[in-house]
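Student: I would like a close look at one part of this structure. Please take me through it step by step.

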Amino acid sequence: MPGRTVIPWGPAVTRPTPQVVAEVTELLGQRGLALGAVDEGGRRWIGFRPTPTHQALRAKVARTLRCAEHEVELGCSDDGQHVVVTNYPPITGDTDRQLGVWLDLARRVIGHEGWKVTVDTGRGVIEMHAGERVELPTSMRVDPSEWLRDTGAQWSLPFGVDGRGRTVTWDLTRAPHALIAGLTGSGKTITLYAIATAALAKGFELAVCEVSKTGADFDELRPFVGDGFWGCDSKHAASTVIQHVYGLKDRRMTALRQAGYKKLADLDRSQQAELGIRPMLLLIDEAAALLAAPPPLKGLPKDHPVAIANSQEQIDVALGGDAIRRISAELRAVGVHLLFATQTFEAALMAPAGGGVLRANLPFRVLMGSASTTQIGQALMRPQAAENAYLLAHGQAAADDDSAPDLYSQPSPGRGLVETDSSTAAFQGVYAPESSWIETLRKMGVPEPGGAAPVEEAEGVDWDAA
């Protein structure tokens, strides 16, 4: 420490009580010094002349570790981008927990996401230094004609950027199905739009089910939806579409095997055209509303119109939910991919589709907007790993369930977390007006089959035969 000054303890001082520490700190301050350490073994007070950067950093570390400043000894570069801590209060827990404490301190208190930490347990030295700065853009408006022109491989669907400016994509070869959760206003629909248009631009067929608002959010996409695959007019229509999608399994599997292939991802677009099979994206939005079965009615004759309608809705929910579960478990190889969206993912509400089992079959998970710790735990498989990503995305930690929302610190629309089986990251979703996406798809010559609704009288899948 530059400018070190050593002051022997006076005969009246037997231990560094808070009062004595305050008095010595004041004494040193009069000399332009700060209290650097208290050496009880040698009965000495050690003062030094800190730089403003050093003093500010030591104060931050002490506040975070909840100790007095003189209990922390550190050195730092003039710009504060390299910090070495050589003395600090003991931190309980195993090595991983201790590293987590220092990482959190480096990235949230001293620097930013991207700082790196090295822990030398033998010498008890912590070294922290700045890494690549990680910062999400405040918004990400794009030109669809540029965004969709070069979006990589067919099986990679882009929808945002991360804190390092890299494109965030859904890789269908690694995670065939996805869950997107987000409350109203979080940007969920914007993200669904980006994924759906990317899929259409890459030659996918599209099926849409959204009964809560009868598909109003996707009306402009309807011309690009496959014939008979618009399942938004009623629960019966949605259930029929979902069952029909599952019914594609046998024909597609037979065609692939006869051509000598095991999965559709092995074929390029020209080979897909020869077989007459294209990848399909099944987009189900507001899934909780779709899977909400009405309670049984009592006191009405079975042939009463209300009782018949009630019974039909229960059947539609049961068959649609079962088909969703089967699609998530069985249709990866034949190129059918499920994009399952809901405001909050609660296993009890998703019971008709398998609940927790369904979530396990959705290995690509996206959580849009601010959320409570419970909502994070419902949507993501590793909620603790999401803490730093959530902080980067929203500038604050996730609130406990009983905490009031911070009305003055609302997250940017379209911002969220993305989780795969190996990592969790923050991202900013891309945005463009719906009309711009549609205009670009038409300029690209994407087919427009018309988005007809299924025939209401169509029979569902014969599960016994299947």
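Is strand 16 (residues 424–429) mostly covered or mostly open, and how many of its residues are buried?

Tutor: Strand 16 is mostly covered: five of its six residues are buried. Buried means under 20% relative accessible area, exposed means over 50%, and partly exposed lies in between, with a 1.4 Å probe and protein chains only. Strands here are DSSP runs of E with at least two residues, helices are runs of H or I with at least four, and both are numbered from the N terminus.

A word on the source. This is a predicted model, where local features need pLDDT of at least 70 and side-chain atom pairs count only at pLDDT 80 or more, while totals for chains, interfaces and linings use all residues. Residues are numbered from 1 along each chain as its sequence is written, and side-chain values use heavy atoms, leaving out hydrogens and water.

Strands of a sheet pair through backbone hydrogen bonds, either parallel or antiparallel. Two strands count as paired if DSSP finds at least two bridges between them. Strand 15 (residues 415–419) runs antiparallel to strand 16, and five bridges join them.

Nine strands form an open, mixed sheet in the order 9-8-16-15-14-10-13-12-11. Strand 9 (167–171) and strand 11 (205–209) stand at the edges with a single partner strand each, so one side of each has no neighbour in the sheet. From one strand to the next, the twist averages 30 degrees. Angles run from 0 to 180 degrees between N-to-C directions, using axes fitted to C-alpha atoms, for helices over the stretch in contact.

Follow the order on from strand 15. Strand 14 (residues 364–368) pairs with strand 15 in the antiparallel sense over four bridges. Arginine 365 stands opposite glutamate 419 of strand 15.

Helix 10 (residues 305–330) lies across strand 12 and strand 13, at about 130 degrees to strand 13. Contact means heavy atoms within 4.5 Å.
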